[in-house]
Amino acid sequence: MNIAEINAAVDAGKTVHLANEGYLVHKDDLGQYLITFAPNGSTIGLTDRSGGQLNRDEADFFVSRPDLGLTIHCGTCGSEDVMREGWATWNAELQVWESADMQDHAWCNACVGETKLMERAIRDYGGAEGLSGSRCGQTEPCAVSVKRREARGATEDARSGGGSG
Ligand SMILES: [Zn+2]
């Protein structure tokens with residue numbers, strides 16, 4: 001997301017984060033855009049003094065979209081290629097096995113090992129609705145680069161917990 005996209009998203013009341021959900025972009029009473037790290041309240045400006053240069057990589061900003069649902073990730077590598085153990089019961093009416101009593105035990109196909117799952121609100125790196133995706137037109141396809149970013153951010157997010165506990 002570039003400066004214009006971030007400003008527009010904040011003004012539209014969207015929740016804009018930097019790198020992970022711990023960092024929140026917001027606007028103060030003076031109309032300045034700031035980045036605050038919620039766990040300790042540490043705050044920096046969104047841009048340099050000129051206002052023309054972001055203080056962080058523009059590709060690291062995203063809009064949290066919990067309205068779109070959640071994704072489930074491996075707590076170790078961040079992959080979505082995960083499975084969870086559970087018992088199933090037969091539904092004679094629908095003629096399907098229905099999952100019941102989901103277990104905490106989980107497996108990551110990427111790590112090829114047991115893992116702890118974490119939930120994450122779906123992220124939108126393109127900014128607010130109606131704005132163009134700043135990740136498009138680059139050397140990699142958008143979806144791939146987004147996935148890679150997700151994976152990279154996963155270890156940071158693992159601290160915030162998630163999963164069933
Ligand atoms: Zn994994």
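Trainee: What is the strand order in the open sheet of 6 strands?
Mentor: In this predicted model, the order is 4-3-2-1-5-9, and the pairing is antiparallel.

Trainee: Which strands stand at the edges?
Mentor: Strand 4 and strand 9 (117–124) do; each has a single partner strand, so one side of each is left without a neighbour in the sheet.

Trainee: And by how much are neighbouring strands turned against each other?
Mentor: The average is 40°, with direction ignored.

Trainee: How many bridges join strand 3 to strand 4?
Mentor: There are 4 bridges, and the two strands run antiparallel. Within strand 4, G45 is the residue opposite L34.

Trainee: What lies in the loop between strand 3 and strand 4?
Mentor: N40 lies there, between strand 3 (33–37) and strand 4 (42–45).

Trainee: Why does N40 count as exposed?
Mentor: N40 has 8 C-beta neighbours inside 10 Å, and a residue with 12 or fewer is classed as exposed, which is why N40 falls in that class. The C-alpha atoms of N40 and G22 are 9.6 Å apart, although 18 residues separate the two in sequence.

Trainee: Changing topic, where does helix 1 lie?
Mentor: Helix 1 lies across strand 1, strand 2, strand 3 and strand 5, and runs at about 80° to strand 2. Those strands are also among what covers the buried residues of helix 1.

Trainee: Which residues of helix 1 are buried?
Mentor: They are E5, I6, N7, A9 and V10. After helix 1 comes G13, with a positive phi near 85°.

Trainee: Which residues have the most contacts inside the largest nonpolar core?
Mentor: I6, V16, V25 and F61 do, in a core of 15 residues. Two or more residues of this core come from each of helix 1 (3–11), strand 1 (16–18), strand 2 (20–27) and strand 5 (61–74).

Trainee: Last point: what is the average pLDDT of the protein chain?
Mentor: The average is 82, and 76% of the residues score at least 70.

Trainee: Where does pLDDT stay under 50?
Mentor: That happens over residues 130–146, for which the model has 23 contacts beyond four places in sequence.

Notes
Residues numbered from 1 in each chain as written. Predicted model: local features only at pLDDT ≥ 70, side-chain atom pairs only at ≥ 80, totals over all residues. Buried ≥ 20, exposed ≤ 12 C-beta atoms within 10 Å, placed from the backbone. pLDDT = per-residue confidence, 0-100. Contact = placed C-beta atoms within 7 Å. Core = buried A, V, L, I, M, F, W, Y, C linked by C-beta atoms within 7 Å. Pairing = 2+ DSSP bridges. Axes fitted to C-alpha atoms, helices over the stretch in contact; angles between N-to-C directions.
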